[in-house]
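Welcome, and thanks for taking a look at this one with us. Please have the sequence and the 3D view open side by side as you read.

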Amino acid sequence: MAPSVDGAGLSMKEDEPVAKPLEDRFADGSAVLGVVGLGYVGLPLAVEMAKAGHRVIGLDVSAEKVALVNEGTSYIPDVPIEELAALVGKGLISASADFSRVCECDGVAICVPTPLDAMKEPDTSFMEEAARSIVGSLCPGTLVTLESTTYPGTTEEVIQPILESGGLKVGETLYLAFSPERVDPGNPVYQTRNTPKVVGGVTPECTRLAVAMYSRFIDTVVPVTTTRAAEMTKLLENIFRCVNIALMNELLQVSDRMGIDIWEVVEAAKTKPFGFMPFYPGPGLGGHCIPIDPFYLSWKARQYDMHTEFIELAGKTNEAMPYYVVSRLMDALNLRRRSLAGARILVLGVAYKNDIDDTRETPAIKVIELLLDKEADVSYHDPYVPEFPVAGHVLHSVDLTPEAIAAADAVLVLTGHSNVDYAAVARGAQFVLDTRNALKDFPNEKVVRL
Ligand SMILES: NC(=O)c1ccc[n+]([C@@H]2O[C@H](COP(=O)([O-])OP(=O)(O)OC[C@H]3O[C@@H](n4cnc5c(N)ncnc54)[C@H](O)[C@@H]3O)[C@@H](O)[C@H]2O)c1
């Protein structure tokens, strides 16, 4: 539990720096840690903290998630149920919607959503609300870190004033740092523990303490000198991906006109052992990060009289991809003397990427909306997503039977899940438009790559 520095319960010598006991408690594993927001980022983080021996309190506004965690039931595919159940059973992880329990914590990580609002501007309300809900209960000497992806300046301009409104002062009686989460859901190799973690504090002492905390449960911690550098690091990583995917989407379209197979070209370029990194075209961006985070920077850049044109152009190119996919599908059906109106389209995969159940911002939403708008008869199969709300309907995943495959005028592959029987699709389908190169091992004249 965090010490008091105002006399009552003072747990350090008068001449010792305030932070010393906190660092000791991180080092010996006795520090109690809190995680605010138990989603794709927060729950795996809580598990790593607990595996390192810390008692962890997870705080979330969702009563359902709180109840599931306390039952030891995982709702995040990267967190195995047995692992969570064992940690809950040992009393190392508990969850609560009572934010006053933050007073039990020595270190608290905030992992709440950072979406865009209807005007595609940063919606910082979740972070602000999370900070407001803990401020009244923070003990002096606590370390707070923000992990949500956001624009440079958020930690000091938005979060610090809220936390200091409770009377504590950052760098003196409270410690504050930004440490971006880099989790890649579904990645079998890199998970929370072995993905290096960047940390930047408001003061050098804040950085030092944040490094001390994260080093307990993350293999490699990378300090940077400011919170802004840490915030910008995460945006650089995601903008890099967004811009390169857009480049591939543009090259896909020009290659198609030239009769060149872009997928073959990427495989060939990949053989260069230096100076090239493969990115792939696709039906558009998805997920909570790549389609959203770059716009956090372009919004902030306007305050500095800058227009981040690469980001805007990449956004425009990527957002056009669902329209391009539908026009390619229409062209293909046209050659088969079929109109899209009335055509039976079986969509394969609606999650935003392979082998996960996350449908946030998935391009399948826009593609299916466009197909329904043009009066196609749409069904879908996704082994990870049993139902899919789109365009005011709730679609239900159909079984991928030989009959379902054969009955479709076209199979449209939007996600390349690895547990789909693509051989059966290639064999039985009348026509396949494959936007992910998922059927690369089963080429035939009915299978067309985007
Ligand atoms: N999912 C990813 O792959 C990923 C990767 C890296 C970074 N991020 C970033 O991490 C942050 C969290 O993303 P996520 O995917 O874990 O989101 P999520 O939606 O899966 O989880 C967020 C959790 O926060 C809870 N919450 C919302 N408001 C709250 C509040 N005021 N107090 C407490 N809890 C609250 C929600 O109930 C939910 O459980 C975002 O900024 C995101 O950009 C996500």
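This is a predicted model: local features need pLDDT of at least 70, side-chain atom pairs count only at pLDDT 80 or more; totals for chains, interfaces and linings use all residues.

- With strand S6 (residues 174–178), S7 forms an antiparallel pairing over two bridges. If you want to find the spot in the viewer, look for Ala177, which stands opposite Gly201 of S7.
- With strand S8 (residues 221–223), S7 pairs in the parallel sense, this time over three bridges. Here Val199 has Pro223 of S8 as its bridge partner.
- To get from S7 to S8, the chain passes through helix H7 (residues 204–214), making a β-α-β crossover that is right-handed.

- Thr195 sits in the loop between S6 and S7. Its relative accessible area is 15%, so Thr195 falls under the 20% cut-off and is buried.
- A polar atom of the Thr195 side chain lies 2.6 Å from the backbone oxygen of Gln191.
- How many cavities of 30 Å³ or more turn up in a search of the whole structure? The search finds one.
- The largest cavity holds about 40 Å³ of space. Thr195 and Lys197 belong to its lining, along with Pro180, Glu181, Arg182, Thr192, Pro196 and Ile218.
- By residue type, the cavity lining divides into three nonpolar, two polar and three charged residues.

**The second largest pocket**

- The second largest pocket has a volume of about 470 Å³. Its lining is made up of 21 residues, and those closest to the centre are Lys120, Leu285, Pro291, Glu319 and Glu361.
- Helices H11 (309–319), H12 (321–335) and H13 (363–373) are the elements that each give two or more residues to this lining.

- Pro389 stands opposite Val394 in S12.
- S11 has two contrasting faces: Phe388 and Val390 make up the covered one, and Glu387 and Pro389 the uncovered one.
- The hairpin has two residues between its strands, and Ala391 takes a positive phi near 50° there. Ala391 is partly exposed, with a relative accessible area of 41%.

**Single residues worth a click**

- Asp305 is another residue other than glycine with a positive phi, in this case near 55°. You will find Asp305 in the loop between helix H10 (293–302) and H11.
- Is Asp305 buried or exposed? Its relative accessible area is 70%, over the 50% cut-off, so Asp305 counts as exposed.
- Thr145 belongs to strand S5 (residues 142–146) and is buried, with a relative accessible area of 1%. The side chain of Thr145 makes a polar contact of 2.7 Å with the side chain of Tyr214.
- Val411 lies in strand S13 (residues 410–413) and counts as buried at 1% relative accessibility. Along the chain, Val411 and Phe431 are 20 residues apart, while their C-alpha atoms are separated by 6.2 Å.

Definitions and conventions: Residues are numbered from 1 along each chain as its sequence is written. Side-chain values use heavy atoms; hydrogens and water are left out. Two strands pair if DSSP finds at least two bridges between them. Helices (H or I, at least four residues) and strands (E, at least two) are DSSP runs, numbered from the N terminus. A crossover is right-handed if, with the strands pointing away from the viewer, the path from the first strand over the helix to the second runs clockwise. On a 1 Å grid over the protein atoms alone, a cavity is a set of points where a 1.4 Å probe fits but cannot get out, and a pocket is an open set with protein on both sides within 12 Å along at least five of seven lines; lining residues have an atom within 4 Å of a point. Grid points are joined across faces, edges and corners, and a volume is the space filled by probe spheres set on the points. Buried means under 20% relative accessible area, exposed over 50%, partly exposed in between (1.4 Å probe, protein chains only). A polar contact is a pair of N or O atoms within 3.5 Å; within protein, one must be able to donate a hydrogen and the other to accept it, and residues adjacent in sequence count only if both atoms are side-chain atoms. Ala, Val, Leu, Ile, Met, Phe, Trp, Tyr, Cys and Pro count as nonpolar, Asp, Glu, Lys and Arg as charged, and the others, Gly among them, as polar.
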